[in-house]
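Dear colleague,

I am handing over the structure below, together with notes on its ligand site and its pockets. Please read the notes with the coordinates open beside you.

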Amino acid sequence: MLEPRERLIVALDVASVAKAEALVVRLGASVCFYKIGYQLAFAGGLSFAQALADAGNQVFIDMKLHDIGNSVARGVESIARMGATFLTVHAYPQTMHAAVEGRAGSRLRILAVTVLTSYDDSDLAAAGYDFTVPELVAERAGQARDIGVDGLVCSAEEASELRPLIRPGMVLVTPGIRPAGADAGDQKRVMTPGAAIKAGADYLVVGRPIVAAPDPKVAAEAIVAEIAAAQDKRG
Ligand code: C5P
């Protein structure tokens, strides 16, 4: 059973390593898991990710990889050597097979992104798919399970529907988390930290509600407290 604090992943969605460093110092021991996406990764953030991992933090590299199998597998090997904990890939079978091969023997866990949450049925049709979003999410979740992927990124609303489709031990990692009263920003389907844990999420990814808070540490600690209360009820 994870400690409540271990379930919170803070998205370091900031423009520079200096800003990320300042935030990590400010958050101190209240946070031990950080996500690095495109914005920071391409502004020197991959060396910073390595430093975070070397300092004993868990690191989630959110690169949503998708390429020919050999390129994915070799890229994943490099990310595994950084000591990262999670890496995202798009849920295409070739890509998932290659990523699982590339992480063999390391502690890196592969998370598949089934369908981007910015997509609706008309976006899928425009991209040439003859599936609705729920159909494609379910199809790809089943493929991720069969290929040996370690978890899925999904909205908290999808967590309870996806749980029966995946292997025990696969993790569900959910963005779109907003404490009660927080600004949703561009997220359309949001859930509070407590509701997401009750719905079966294993890890919560939280960006702006912490990064843009007047006191990020207080905001993070409030979310951890909410996770703890929900976890007690979940048992
Ligand atoms: O600021 P906010 O809490 O909305 O940040 C959520 C983080 O999770 C961002 O880094 C965003 O890129 C990421 N994410 C997401 N939805 C997905 C996958 C990742 O919001 N489906």
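The ligand sits in the largest pocket, and since everything that follows was computed on a predicted model, please treat the distances and volumes below as properties of that model. The space in this largest pocket comes to about 980 Å³, and 35 residues line it, of which K64, T117, S118, P175 and Q187 are the closest to its centre. Two or more residues of the lining come from each of α2 (38–54), β3 (58–65), β8 and α9, and among these elements β3 gives the most, with 3 residues. Sorted by class, the lining of the largest pocket holds 14 nonpolar, 10 polar and 11 charged residues.

Turning to the ligand itself, which residues come nearest to it? The shell around the ligand has 13 residues, and those that come nearest are D13, R178, Q187, G207 and R208. By class, the shell around the ligand is made up of 5 nonpolar, 3 polar and 5 charged residues, and both β8 (203–206) and α9 (208–211) supply at least two residues of it.

A polar side-chain atom of D13 lies 2.7 Å from an oxygen atom of the ligand, whereas for G207 a polar backbone atom is 2.8 Å from a ligand oxygen, and for R208 a polar backbone atom is 2.7 Å from an oxygen atom of the ligand. As for the surface, the ligand taken alone exposes 470 Å², and the protein buries 83% of that.

There is also a second largest pocket, in which about 190 Å³ of space lies. The residues that line this second largest pocket are Y119, V133, P134, V137, A138, E158, E161, L162, L165 and R189. Of the elements, α6 (133–147) and α7 (156–162) each supply at least two residues of that lining, with α6 giving the most, namely 4 residues. By class, the lining of the second largest pocket has 7 nonpolar and 3 charged residues but no polar ones, whereas polar residues number 10 in the lining of the largest pocket.

With best regards

Conventions: Residues are numbered from 1 along each chain as its sequence is written. This is a predicted model: local features need pLDDT of at least 70, side-chain atom pairs count only at pLDDT 80 or more; totals for chains, interfaces and linings use all residues. Side-chain values use heavy atoms; hydrogens and water are left out. A residue is near a molecule or strand if one of its heavy atoms lies within 4 Å of it. A polar contact is a pair of N or O atoms within 3.5 Å; within protein, one must be able to donate a hydrogen and the other to accept it, and residues adjacent in sequence count only if both atoms are side-chain atoms. Accessible areas come from the Shrake-Rupley method with a 1.4 Å probe; for residues, only the protein chains shown count as cover. On a 1 Å grid over the protein atoms alone, a cavity is a set of points where a 1.4 Å probe fits but cannot get out, and a pocket is an open set with protein on both sides within 12 Å along at least five of seven lines; lining residues have an atom within 4 Å of a point. A molecule sits in a cavity or pocket if more than half of its atoms lie within 2 Å of its grid points. Ala, Val, Leu, Ile, Met, Phe, Trp, Tyr, Cys and Pro count as nonpolar, Asp, Glu, Lys and Arg as charged, and the others, Gly among them, as polar. Grid points are joined across faces, edges and corners, and a volume is the space filled by probe spheres set on the points.
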